[in-house]
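Me: I have a structure open and would like to go through it piece by piece. Can you help me read it?

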Amino acid sequence: MIDYILVGLGLGGISIAQEFRKRKKTFLVYEDNSQQASTVAGGIINPVNLKRFTLAWEVKNHLNYAIPFYEEIQKELDFSFLKKIEVYRRFSSIEEQNNWFLASDKTELQNLLDPNLVKEINPHIKADYCFGKINNTAILQTNDLIFQYKKMLSNLDLFLTEKFDHSKLKIDSNFVQYNGIKAKSIVFCEGFGMKSNPFFNNLPLIGNKGEYIIIQAPNLKLDVVVKSSVFIIPLGNDTYKIGATYRHGDYTSSPTTEIREILEKQVKELLSCDFEIIDQEAAIRPATIDRKPLLGRHPSHKNLYICNGFGSRGISMAPSLAKDLLDFMEEKKPLDPEINIERFSSDLV
């Protein structure tokens, strides 16, 4: 008997798997690559909500754990996927600039929002107003992280690329069993795929679709991230990721022509140089109705756990909350009521 079966290996699954490894737990991962939210993510590590100029929920605590967590994996895998990068907010009005100044005076934001505005950061980015610089920012190349982590687990015979069939899971009071594998417990990190999980699909995971386009712009020569109506994220080799959109009701993972045209229009309004769209990506973010993650234990099956609902903040939140879940599972430490699925106990059977 192993300690855990883990279903899903996006950012949440990697965070759980790494906690297993730190605690010398035996486990096996199932992943069918059906959910791409972590892979498609822009990867920006930024503590500030750049629309309202406020701090994201508990973001300082999350990042204090997340940055060393990713650095530790980098060292272990001997592969670099985390780097510092400057992020600038492009203002569209005097009012936005004034709101920036007001926010930068707040104690919790003083070290994050630079009060010294910049008039120009690139000659090919149109700007009637200034730019504000956010401090303590970085970028996580999520696709590289996930690929390298899967490779490592595969080499250790801890990873299976196959769809998990929930109907084949046998649940006993002291263990679970799946395809001949017996484990003390199972943890589901399925992203929006949770909607097909019969044990947790009544939880209020609403999801929203995000799409990016990838452009090639040889004359742009931008080496910082710019946030305007969209993010411009440099990928190297004169390519840039543009997005992302937020759309409810469309739960297909296929890119759409409508969004491509919207993003193309936004880029034309932002850039004065030529560009070519070379790719488009889409995925469903696992968002929740109260914008808080879903962590905890099933009320009827005490060896079934869930780690989900990070929305667009998985990079910052997943590592520390995975630790919290392991502390709960292994050491009986209580979970924060704000993230515990017990807050939706009436939705679970």
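This is a predicted model: local features need pLDDT of at least 70, side-chain atom pairs count only at pLDDT 80 or more; totals for chains, interfaces and linings use all residues.

Me: Rings, then. How many aromatic pairs are there in the whole structure?

Reply: A search of the whole structure gives 15 aromatic pairs. In one of them, the ring centres of Phe 20 and Phe 27 are 5.3 Å apart and the planes meet at 45°, so this pair is tilted.

Me: Are Phe 20 and Phe 27 buried or exposed?

Reply: Both Phe 20 and Phe 27 are buried.

Me: And what about Phe 53 and Phe 91, what kind of pair do they form?

Reply: Phe 53 and Phe 91 form an edge-to-face pair, with 6.4 Å from centre to centre and 85° between the planes. Phe 53 is in the loop between β4 and β5, and Phe 91 is in the loop between β7 and α4, so the pair ties together parts that are 38 residues apart in sequence. Phe 53 and Phe 91 are both buried.

Me: Which residues form an aromatic cluster?

Reply: One cluster is made of Tyr 30, Phe 164, Tyr 178, Phe 188, Phe 199 and Phe 200.

Me: Where does the charged end of Lys 241 sit?

Reply: Over the ring of Tyr 212, at 4.8 Å from the ring centre. There is also Lys 227, whose charged end sits over the ring of Phe 231, 5.6 Å from the centre of that ring.

Me: Lys 241 again: what stands opposite it in the strands?

Reply: Ile 214 does, with Lys 241 belonging to β17. Strands β14 and β17 run antiparallel and are joined by 5 bridges. β14 is also joined to β18 (residues 276-285) by 9 bridges, again antiparallel.

Me: How many residues of β14 are buried?

Reply: 8 of the 9 residues in β14 (208-216) are buried, so the strand is largely enclosed by the rest of the structure.

Me: New topic. What is the strand order in the open sheet of 3 strands?

Reply: The order is β3-β9-β6, and the pairing is antiparallel. β3 (44-45) and β6 (82-84) are at the edges with a single partner strand each, so one side of each has no neighbour in the sheet. Between β3 and β9 (residues 138-140) there are 2 bridges, and Ile 45 stands opposite Ala 138 in β9.

Me: Now helices. At what angle do α1 and α3 pack?

Reply: Helix α1 (residues 11-22) and helix α3 (residues 59-77) pack at about 75°, with axes 12 Å apart. The two helices, α1 and α3, are therefore roughly perpendicular to each other. Where they meet, the α1 residues include Leu 11, Ile 14 and Gln 18, and the α3 residues include Tyr 65, Phe 69 and Ile 73.

Me: Last one: where does Ile 186 lie?

Reply: Ile 186 lies in strand β13 (residues 181-188). Ile 186 has 0% relative accessibility and counts as buried. Apart from neighbours within four places in sequence, its contacts include Ile 5, Val 7, Phe 164 and Tyr 305.

Conventions
Residues are numbered from 1 along each chain as its sequence is written. Side-chain values use heavy atoms; hydrogens and water are left out. Rings of Phe, Tyr and Trp (its six-membered ring) pair if their centres lie within 6.5 Å; planes under 30 degrees apart count as stacked, over 60 as edge-to-face and the rest as tilted. Buried means under 20% relative accessible area, exposed over 50%, partly exposed in between (1.4 Å probe, protein chains only). Helices (H or I, at least four residues) and strands (E, at least two) are DSSP runs, numbered from the N terminus. A charge sits over a ring if NZ of Lys or CZ of Arg is within 6 Å of the ring centre and within 35 degrees of the ring normal. Two strands pair if DSSP finds at least two bridges between them. Axes are lines fitted to C-alpha atoms, for helices over the stretch in contact, and angles run from 0 to 180 degrees between N-to-C directions. Angles under 35 degrees count as roughly parallel, over 145 as roughly antiparallel, 65 to 115 as roughly perpendicular and the rest as oblique. Contact means heavy atoms within 4.5 Å.
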